[in-house]
Amino acid sequence: MQKPDIIRTSEEYVAAREKQVAEAAKERARAEKLWRRLQAAGDRRAWRDLVVNDREFQSWAFCEKLCNESAEQVEDDSRLAFELVELALELAPKVSGDEPLLCGIQEYAWKHLGNVCRARGDLKGAREAFHRGKEFFLGGIMGTLPTLIQRDRLAGLEAALHRDQGNLAEALRMIDHAVTLGDHGAGRPALLWEKARLHRQLGQPEVALQALSWADRDARTCAPRLLVRIEIERGEALCDLGRHGEVKQLPSSLRKAARSYQFERARLLCLEGRVAAGLGRLEEAEAILQKSLAEPCNRAVTAVVLLSLEVAALYAGQGQTAKLKRLAEQTLQLAEILGQDRETAATLKLWSRLVAQEKLSVERAQQFVRDFARVAASR
């Protein structure tokens, strides 16, 4: 007996979708191999000629891989991140495929360029690149099958832009949207980590802890670096709540992974200092602060300043005025050298003035810690 057309059409759609997913997985696996081949080529100046002239590299999946690597590198090495996305934009017109895929990969590359601009502090350039990417949006979703473009990643990038523009409510909305778009795979824990950071910035550490517990459910196959970031964020949220004693030591494997990255290594050290300060172990917190200052990491400056404020609160409680004044001079100088935003700079100047006038009470010192913890969550 012949099946009704609607059933036959539904079965054909499922089969076509399964075939699409399988082929995409193969393309992405091939792109991973090509990426390792490119890295083995050594000098980055030779990468462009290899990619542009070798047809093997001219696939949507490799273009996507360049963009993803750009996003991974953007906070550590914005120059490399720009080079990768620039290469992706040059490669995109050479990719073959149907119109929705070609439009989608163009959108993907342009929005990753916007992400690099954002990380460099060029918010105007970021908005322009995102707008250029959106011009390809409709063409990228007009296919009969779901798009291969990882729209959850793009929503996450837009959330980061809104965050840096100071629009935290919209950033949170975009992150929640990105989580619903994801397939509960490798990208979900990273999005939930970002969600936790936003909630900390909004002064909601309890909600941040909940987001991090959700991230744990899918984090088993994550890269070690992301696992380290999740654990550091959990520790920071617990410190925000005054629950310093609940912060756990990282397992040795993750501690080893943290040592491979300057930013995570610096943040972990500052977190250990916050725990020591929160538990009243002043000498230990002082030693960690001095070590943090001796091993500067520009991206971790807010974590160092936050630790300074924690130590300052202990000094205020013990009436150690001379130490407090020296620390205030050191902290304010550090913040000015690294160029904090106006609001943060004004907050630190007020704190420093109260210290100089010997008017910083314990309660006020602790309030400065709570306020600055929200700033540190965005860095």
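Of the 379 residues in the protein chain, 47% are buried, a term that here denotes under 20% relative accessible area, with exposed meaning over 50% and partly exposed in between (1.4 Å probe, protein chains only). The model is a predicted one, in which local features need pLDDT of at least 70 and side-chain atom pairs count only at pLDDT 80 or more, whereas totals for chains, interfaces and linings use all residues. Residues are numbered from 1 along each chain as its sequence is written, and side-chain values use heavy atoms, with hydrogens and water left out.

The protein chain contains 19 helices and zero strands, these being DSSP runs (H or I, at least four residues, for helices; E, at least two, for strands) numbered from the N terminus. The C-alpha trace spans about 85 × 50 × 40 Å along its principal axes, and the chain exposes about 19,300 Å², of which carbon and sulfur atoms supply 51%, as computed by the Shrake-Rupley method with a 1.4 Å probe. Among contacts (heavy atoms within 4.5 Å) between residues at least 6 apart in sequence, 66% join residues at least 24 apart.

Helix 5 (residues 99–119) and helix 6 (residues 123–134) have axes that come within 7 Å and cross at roughly 170 degrees, where axes are lines fitted to C-alpha atoms over the stretch in contact and angles run from 0 to 180 degrees between N-to-C directions. Helix 5 is therefore roughly antiparallel to helix 6, angles over 145 degrees being classed in this way, those under 35 as roughly parallel, those from 65 to 115 as roughly perpendicular and the rest as oblique. Among the residues making this contact are W110 and L113 of helix 5 and A129 and F130 of helix 6.

Helix 11 (residues 205–217) and helix 12 (residues 224–240) pack at an angle of about 155 degrees, with their axes 9 Å apart, so that helix 11 is likewise roughly antiparallel to helix 12. In this pair, residues including L209 and L212 of helix 11 meet residues including I230 and A237 of helix 12.

When neighbours within four places in sequence are left aside, I175 is in contact with G156, A159, L191, E194, K195 and L198. For K195, which is 20 residues from I175 along the chain, the C-alpha separation from I175 is 6.3 Å.
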